[in-house]
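Here is a short report on one protein model. Please view the sequence and the 3D structure first.

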Amino acid sequence: MYKNVLKKVEFFKLLSEEEIELVNNSCKIITLNKDNILFYEGDFANSFYIMLQGKLKLYKTGTMGNEIVIHNFSKPTILAEMATFQASPFPATAISTSSITKVAILEKEVFLSLLQSNANLSFHIIGSLIKKMRNLEQTIHRNLVYDATQKVCAFLRDNPNILIERKHSEIANKLNMAPATLSRSIKKIKEKGYINKENIVVDNSFYEILE
């Protein structure tokens, strides 16, 4: 049903045709509309979730009820796999941000059997988890240490074309700030000469601001 999409998911690139077929046949497909919740922070994780189509946002709820965006997903990927591996609650809430989002649900036992029969896949997953942990560390650092302008600088250093590829409202949401705050920060960065009038990063050192 979604074999070609599954092959694009990093976790499954090392699988054989037979193994991809097994995953494909073992998945239950669900459809979410915009603002539908896939799972809540604190829910018990006992299955793997694979986003096949659409967009999802992963966020935590702060102590003051504020929303802290962990990640926005727009490409086929596996979600919150660490919680499922550990049989622990989901650390964040996943919500659909597109009109239609399709997700495959894969039972934990099926995926673990694939790991037991494919050592290369196990090493591949370890590397992918480490990468996600580093991304989470960067998100935490941006939210707890940097002020608004520093957050934008750090984000632009990792995503230099984001201002011309995405709407400011999307970027502000990802950085957990108001659009007006983002606009003021961009203005400050432009005045320092790091961004030109076309919103293109011309100097990604951001030396004076991140120092």
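## Confidence

Confidence in the protein chain is lowest in helix α5 (residues 119–144), with a mean pLDDT of 68. Strand β2 (residues 37–39) has the highest, at 95. pLDDT is the predictor's confidence in each residue, from 0 to 100. Where pLDDT is low, the predicted coordinates should not be read in detail. The chain mean is 82, and 88% of residues reach 70 or more.

This is a predicted model: local features need pLDDT of at least 70, side-chain atom pairs count only at pLDDT 80 or more, and totals for chains, interfaces and linings use all residues. Residues are numbered from 1 along each chain as its sequence is written, and side-chain values use heavy atoms, leaving out hydrogens and water.

## Overall make-up

The protein chain has 10 helices and eight strands. Helices (H or I, at least four residues) and strands (E, at least two) are DSSP runs, numbered from the N terminus. Of the 211 residues, 42% are buried. Buried means under 20% relative accessible area, exposed over 50%, and partly exposed in between (1.4 Å probe, protein chains only).

Among contacts (heavy atoms within 4.5 Å) with a separation of 6 or more, 68% join residues 24 or more positions apart.

Helix α6 (residues 148–158) is largely enclosed by the rest of the structure, because eight of its 11 residues are buried. These are T149, Q150, K151, V152, C153, A154, F155 and L156. D147 caps the N-terminal end of α6. One of its side-chain oxygens lies 3.2 Å from the backbone nitrogen of T149.

Helix α6 packs on helix α9 (residues 179–191) at about 70 degrees, with the axes 9 Å apart. The two are therefore roughly perpendicular (65 to 115 degrees). From α6, the contact uses A148, T149, V152, C153 and L156. From α9 come T181, L182, S185, K188 and I189. The contact residues divide into six nonpolar, three polar and one charged.

## Helices α2 and α4

Helix α2 (residues 17–26) packs against α4 at about 170 degrees, with the axes 11 Å apart. That makes α2 and α4 roughly antiparallel (over 145 degrees). E19, L22, V23 and S26 of α2 meet V110, L114 and S117 of α4. By class, this contact has four nonpolar, two polar and one charged residues.

E109 is found in helix α4 (residues 108–117). Is E109 buried or exposed? E109 counts as exposed, at 57% relative accessibility. E109 and N46 are 63 residues apart in sequence. Their C-alpha atoms are 9.3 Å apart in space.

Conventions: Axes fitted to C-alpha atoms, helices over the stretch in contact; angles between N-to-C directions. Parallel < 35°, antiparallel > 145°, perpendicular 65-115°, else oblique. Nonpolar A, V, L, I, M, F, W, Y, C, P; charged D, E, K, R; others polar. Polar contact = N/O pair within 3.5 Å; in protein donor to acceptor, adjacent residues only side chain to side chain.
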